Each structure stands twice: as C-alpha cells, then as structure tokens.
Amino acid sequence: MTNKSTENKSAEEISAEDLAAEIIGEAEEQVEVQLDAAADNISPEQERINELELSLSVAQATVADQKDSVIRAKAEVDNVRRRSAQDVEKARKFALEKFAAEMLTVVDNLERGLATIDAEAEEQKATFEGINLTLQGLLSGLEKFGVKAVDPQDQPFNPELHQAMSMQEVEGVEPNTVIAVMQKGYELNGRLIRPAMVMVSKAAPAVDTSA
C-alpha cells in the first residue's frame with residue numbers, strides 16, 4: 001500500500017514539473033516572437049535615427065573629454081606664463097645686485113674721504129664740495145635703480161637688517177637700540193644686499209640689593 005502511494009506521488013510531481021517546463025517554454029517562445037515582431041516593425045528611418053542618436057552620444061562624450069583636456073592644457077600654459085613672468089621680473093629687479101655691491105665700495109670710500117676733510121676750512125671747501133657732489137650723484141643714480149640705504153641710527157636693532165659688531169651700556173638709552181652705525185647697509189628693491197654694521201646698547205647689570 002505504501003509503495004503504491006509513493007509511486008502515485010512521484011508521478012504527480014513529475015507531471016507538475018513537466019507542466020511548469022512547458023509553460024516556461026511557451027512564454028519564452030512568445031517573448032521571442034514579440035521581439036522579432038518589434039524588430040520587423042522598426043522602419044529604416046527609425047533605425048537611422050537610432051544610429052544617429054548613438055553617434056551623437058559618442059561625439060558628445062568625445063567633445064567632453066577634449067574640453068577637459070583643453071582646460072587642463074590652458075591652466076598649465078597659464079601657470080608656465082605666470083612663472084616665467086615672475087622669473088623675468090626677479091631677473092630685472094636683481095640683475096644689478098653684483099654691480100650695486102661693487103658701487104657700495106665706492107660710496108664707502110667717498111664717505112670716508114668726506115669724514116677726513118674739514119668742511120669749515122677755506123682751503124678744503126672746494127675738495128669737500130666736489131667729493132660730496134660726486135657722492136650724492138652716485139647715491140641718486142643707485143636709488144633710481146632701487147638701491148636704498150639702511151641707516152638705523154637710534155632705531156631698535158633688527159637682526160634681519162643689521163649686524164651687531166659690539167654692545168655697550170649707555171645710560172638713558174633703551175636696551176637693544178642702535179647707538180652707532182659703523183657702516184650703512186643697503187637694499188636692492190627690498191632685498192638686503194648688505195647689512196648695516198652697528199653698535200647696540202645693552203641693559204645695565206642687575207644690582208644685588210640683598211647684600
């Protein structure tokens with residue numbers, strides 16, 4: 001009895017599987033028929049439109065890529081142009097640095113020469129005036145090309161512009177003040193080409209009042 005029931009159940013399951021497979025097969029056939037019918041119904045004009053739309057999409061993608069490349073190339077060219085302009089400007093501003101440094105030696109010598117002349121002495125007035133005119137003309141010419149003196153007398157000491165040669169305690173003067181300029185410094189278009197050599201005041205030693 002049990003064996004016969006099992007056989008009937010198996011037969012029923014097999015029949016259901018066959019039926020499902022048959023239904024799926026018929027559905028697939030219907031889909032294929034519908035696809036074929038749709039393909040047959042596309043007119044040549046519509047097919048051409050589809051081709052053109054595809055070509056347009058490809059062309060638009062290509063144009064977008066090329067536009068990005070052009071923008072990047074333009075940005076790079078602008079950067080190169082800006083760096084070149086900066087280099088040219090720096091070269092223009094500081095091309096005279098070595099020449100200016102050499103001229104400062106002449107300025108120093110003229111200033112030392114003036115320091116040895118008594119401007120009040122009648123016999124030395126002409127010499128003093130001649131040297132002074134030469135010095136002022138040279139300084140004026142250098143200034144036209146961006147060379148300016150750094151003369152920090154009585155100013156706070158600045159290690160970026162000044163070189164301390166010695167320190168001295170001076171009553172009534174704030175510590176770290178330039179009390180004497182031994183040699184003026186010079187800048188070329190804002191760049192230091194020679195620091196000023198100076199003497200700087202220092203604080204008085206602390207007095208021990210506990211003794």
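Here is a short chat about the predicted model shown above.

Reader: What kind of model is this, and how are residues numbered?
Author: It's a predicted model, where local features need pLDDT of at least 70, side-chain atom pairs count only at pLDDT 80 or more, and totals for chains, interfaces and linings use all residues. Side-chain values use heavy atoms, with hydrogens and water left out, and residues are numbered along each chain as its sequence is written, starting from 1.

Reader: How many helices and strands does the protein chain have, and in what order do they run?
Author: Helices (H or I, at least four residues) and strands (E, at least two) are DSSP runs, numbered from the N terminus. The protein chain has four helices and six strands. Reading from the N terminus, the order is α-α-α-α-β-β-β-β-β-β.

Reader: What is the strand order in the open sheet with antiparallel pairing?
Author: Two strands pair if DSSP finds at least two bridges between them. β1 and β4 (residues 185-188) run antiparallel and are joined by four bridges, with Ala149 opposite Tyr186 in β4. β1 (147-150) and β5 (191-194) are the edge strands, pairing on one side only. This open sheet of three strands has the order β1-β4-β5.

Reader: And how much does that sheet twist from one strand to the next?
Author: Axes are lines fitted to C-alpha atoms (for helices, over the stretch in contact), and angles run from 0 to 180 degrees between N-to-C directions. From one strand to the next, the twist averages 35°.

Reader: Which strand runs parallel to β2?
Author: Look at the pairings around β6 (residues 196-202). β3 pairs with β6 in the antiparallel sense over four bridges; there, Val178 has Val200 as its bridge partner, and Gln183 has Met197. Seven bridges join β2 to its parallel partner, β6.

Reader: How many residues of β6 are buried?
Author: Buried means under 20% relative accessible area, exposed over 50%, and partly exposed in between (1.4 Å probe, protein chains only). Across the protein chain of 211 residues, buried ones make up 15%. β6 is mostly covered: out of its seven residues, the buried ones number five.

Reader: What do the buried residues of α3 pack against?
Author: The buried residues in this helix include Ala100, Leu104, Val107 and Leu114. Contact means heavy atoms within 4.5 Å. The buried residues of α3 pack against α4, β1, β3, β4 and β5.

Reader: How far apart are the end C-alpha atoms of α3?
Author: The expected span of a helix is 1.5 Å times one less than its number of residues. With 19 residues, α3 should therefore span 27 Å. The model agrees, since the end C-alpha atoms are separated by 27 Å.

Reader: Is Thr177 buried or exposed?
Author: Thr177 lies in the loop between β2 and β3. Not counting residues up to four places away in sequence, Thr177 touches several others, including Asp154, Phe157 and Val200. The backbone oxygen of Glu174 is 2.8 Å from a polar atom of the Thr177 side chain. With a relative accessible area of 13%, Thr177 is buried.

Reader: What separates the C-alpha atoms of Ala164 and Val198?
Author: Ala164 is in strand β2 and counts as partly exposed, at 39% relative accessibility. Leaving aside neighbours within four places in sequence, Ala164 is in contact with Phe157, Val198 and Val200. Ala164 and Val198 are 34 residues apart along the chain, yet their C-alpha atoms are separated by 5.1 Å.

How values were computed: Polar contact = N/O pair within 3.5 Å; in protein donor to acceptor, adjacent residues only side chain to side chain.
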